[in-house]
Amino acid sequence: MKISKIEVQKKNKKRSSIYIDGEFKFGLDNEIILRYNIKEGDEITEDQVKNLLLAEEKQKIKQRAYRLLRYRSRSIAEMRDRLKKLGYEPEIVEEVVHELVEEGILNNHKFAREFVSDYTNLKPRGNIFIVNELKKKKVDDAYIKEILKERDEKNLIKKIIEKKFSNFNKKDSKQKAKIIRYLLYRGFTLQKIYEVLGEDYE
């Protein structure tokens, strides 16, 4: 088989139509054409065509992964599950995820740090919330423990009370109960809440 023509597509200048033996066969991203050094007049085998189409599919999946990462960082498991749910072939998804890990684009340690930073500085949440969410995203327990060691949950509780309940009166039991409910709902432990409020915890 011979590549008889490579023609840039009119509707998408980043892609080209590949003609083999005078007939249109498939479209390819121009990056793939350059990467594989495909030229008009080249002889091409069925296996080479399959490899080109596989490279094209992997590139599509990788570009989709990059778009997902524009919104927020993701754990390795999250990205794998999301791409599979989008209908991509599981085996190719695995290859793409592996490449993204090798390239350092996906990194659970980095992801966990960013996650904890967001839920410390932007939307403060307690350690129970952090642990549950990171476990759902299949981040290793060792990573989670390491990051939580650096987190001052009591200080975070104090800041929330100062900001959200600036007129807090410790003698007001109803207000105290309201604060406890607020903090529990956001994943803080009752023990830490009591420590900040100066209550005994049993």
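## Aromatic rings in a predicted model

Phe165 is buried, with a relative accessible area of 12%, where buried means under 20% relative accessible area, exposed over 50%, and partly exposed in between (1.4 Å probe, protein chains only). The model is predicted, so local features need pLDDT of at least 70 and side-chain atom pairs count only at pLDDT 80 or more, while totals for chains, interfaces and linings use all residues. Residues are numbered from 1 along each chain as its sequence is written, and side-chain values use heavy atoms, with hydrogens and water left out.

A pair of aromatic rings is described by the distance of the centres and the angle of the planes. Rings of Phe, Tyr and Trp (its six-membered ring) pair if their centres lie within 6.5 Å, and planes under 30 degrees apart count as stacked, over 60 as edge-to-face and the rest as tilted.

| Pair | Centre to centre | Between the planes |
|---|---|---|
| Tyr19 and Phe24 | 5.7 Å | 70° |
| Phe165 and Tyr182 | 5.4 Å | 85° |

Tyr19 counts as buried at 19% relative accessibility, whereas Phe24 is partly exposed at 45%. Lys5 lies over the face of Tyr19, at 4.7 Å from the ring centre; a charge sits over a ring if NZ of Lys or CZ of Arg is within 6 Å of the ring centre and within 35 degrees of the ring normal.
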